[in-house]
Amino acid sequence: MDDHSAQTLLPLATEIFAAPSAQPRRAARRAQRDLFSTPAGERPDSGICVLASGSAGNCSALWIGEAEHEDGPTATWSGPPVRERLVLIDLGLSPSVTRKRLHAQGLSLDLVGSVLLTHLDRDHCHEGWCGEHSLLPPGCEVFVPKRSRDRAKSMNLNAGVFHAFDSRFRTRAGLEALPIMLSHDQHGAAAFRLTLARERAWARARNLGSAGTGIGYATDLGRATPELVEHLKHVAILAIESNYCPTLQDVSDRPDFLKRRITGGRGHLSNHECLDAIHAIEPRDHVVLLHLSRECNCPLLVASLHEGADYAMTISTQDEATRWVRLAPPPVPSTIITPTFTAPAC
Ligand SMILES: [Zn+2]
């Protein structure tokens with residue numbers, strides 16, 4: 001869908017929707033938005049950038065940097081070796097396009113230490129990454145959901161070298177991934193809660209739980225189940241799909257079987273289902289919307305649904321990378337100040 005048709009459809013779709021009320025405006029929270037997204041071209045110490053998202057290819061870059069706060073336990077954290085700092089989530093772009101998009105961010109494939117795959121559909125695992133020779137740097141870890149292991153073998157993914165997961169795992173760079181499997185087509189898709197070693201140390205030192213830490217990454221999820229909501233509750237950054245507008249899906253020229261596949265609970269999340277999931281998950285800082293359908297969705301319409309929300313928001317696209325979204329440590333709970341009382345002298 002091009003911008004012209006999106007402009008035409010917006011008034012119609014806005015009227016149709018009578019969207020559920022977004023969170024009330026909170027000026028103080030909105031004022032924090034600039035803290036969590038970086039100016040174009042700038043990469044934060046640690047954060048995520050969606051290189052592309054949509055049915056023509058999905059790939060996100062996660063950068064794990066050094067400490068940026070000079071107090072507390074992070075002062076001694078030096079971060080992983082440079083060659084392990086870049087993590088890719090999904091390989092849905094061809095190797096050459098991935099290279100170009102990374103290059104535009106000042107990064108290269110040589111820095112990829114780990115790859116996490118949500119599932120192996122073509123838009124998440126491009127055939128260019130399969131074959132006799134690996135195009136990833138030597139020692140790069142590739143993680144695949146266990147139920148996709150046989151398929152990965154038959155595809156010769158990364159020259160047949162990968163790890164299959166069905167529970168919590170850690171990359172060499174100390175990134176902890178808590179996967180949960182979701183219904184999506186035949187093989188399902190994994191969603192992740194990802195936390196940096198630095199975040200965990202920060203929270204441990206302050207006796208904080210996992211609330212307010214990490215990145216939730218959920219795409220191609222069929223339905224946002226209660227288990228998913230619990231799994232991603234209170235993450236710092238939530239990247240989640242907002243695939244289609246039900247009205248535009250309904251009036252599209254797509255065959256009925258395809259509409260049923262997408263909307264039937266084992267396909268994709270609609271804009272409203274995504275909105276409901278965000279309200280239930282209550283991310284701390286930032287929401288990144290993934291996998292918008294070009295045919296059955298419209299970024300302007302999606303933006304209007306989140307109007308007034310108390311989280312910052314980035315809408316990813318197929319054609320260019322998003323800005324970097326900074327992963328900041330959780331705020332330390334303020335201590336209660338007890339007033340001291342001094343008895344007046346008699
Ligand atoms: Zn997909």
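1. Start with the I48 pairing: this residue stands opposite V325 in β14. The strand to look at here is β1, residues 47-52, which runs antiparallel to β14 and pairs with it over 2 bridges. Keep in mind throughout that this is a predicted model.

2. Zooming out from that pair, you get an open sheet of 7 strands with mixed pairing, in the order β6-β5-β4-β3-β2-β1-β14. As a reminder, strands of a sheet pair through backbone hydrogen bonds, either parallel or antiparallel.

3. Now for helix α10, which covers residues 271-281. Which of its residues are buried? They are N271, E273, C274, L275, A277, I278 and I281. The spacing is worth a glance on screen, because in an α-helix residues three or four places apart point the same way.

4. What do those buried residues of α10 pack against? Two of the partners are helices, α7 (226-232) and α11 (299-305); the others are the strands β10 (215-218), β11 (237-241) and β12 (286-290). Just past the end of α10, check the backbone at E282, where phi is positive at about 55°.

5. Some whole-chain numbers to finish. There are 11 helices and 14 strands in the chain, and 42% of its 346 residues count as buried. If you take contacts between residues at least 6 apart in sequence, 72% of them join residues at least 24 apart.

Note on methods:
Residues are numbered from 1 along each chain as its sequence is written. This is a predicted model: local features need pLDDT of at least 70, side-chain atom pairs count only at pLDDT 80 or more; totals for chains, interfaces and linings use all residues. A residue is buried if 20 or more other C-beta atoms lie within 10 Å of its own, exposed if 12 or fewer, and partly exposed in between; C-beta atoms are placed from the backbone. Helices (H or I, at least four residues) and strands (E, at least two) are DSSP runs, numbered from the N terminus. Two residues are in contact if their C-beta atoms, placed from the backbone, lie within 7 Å. Two strands pair if DSSP finds at least two bridges between them.
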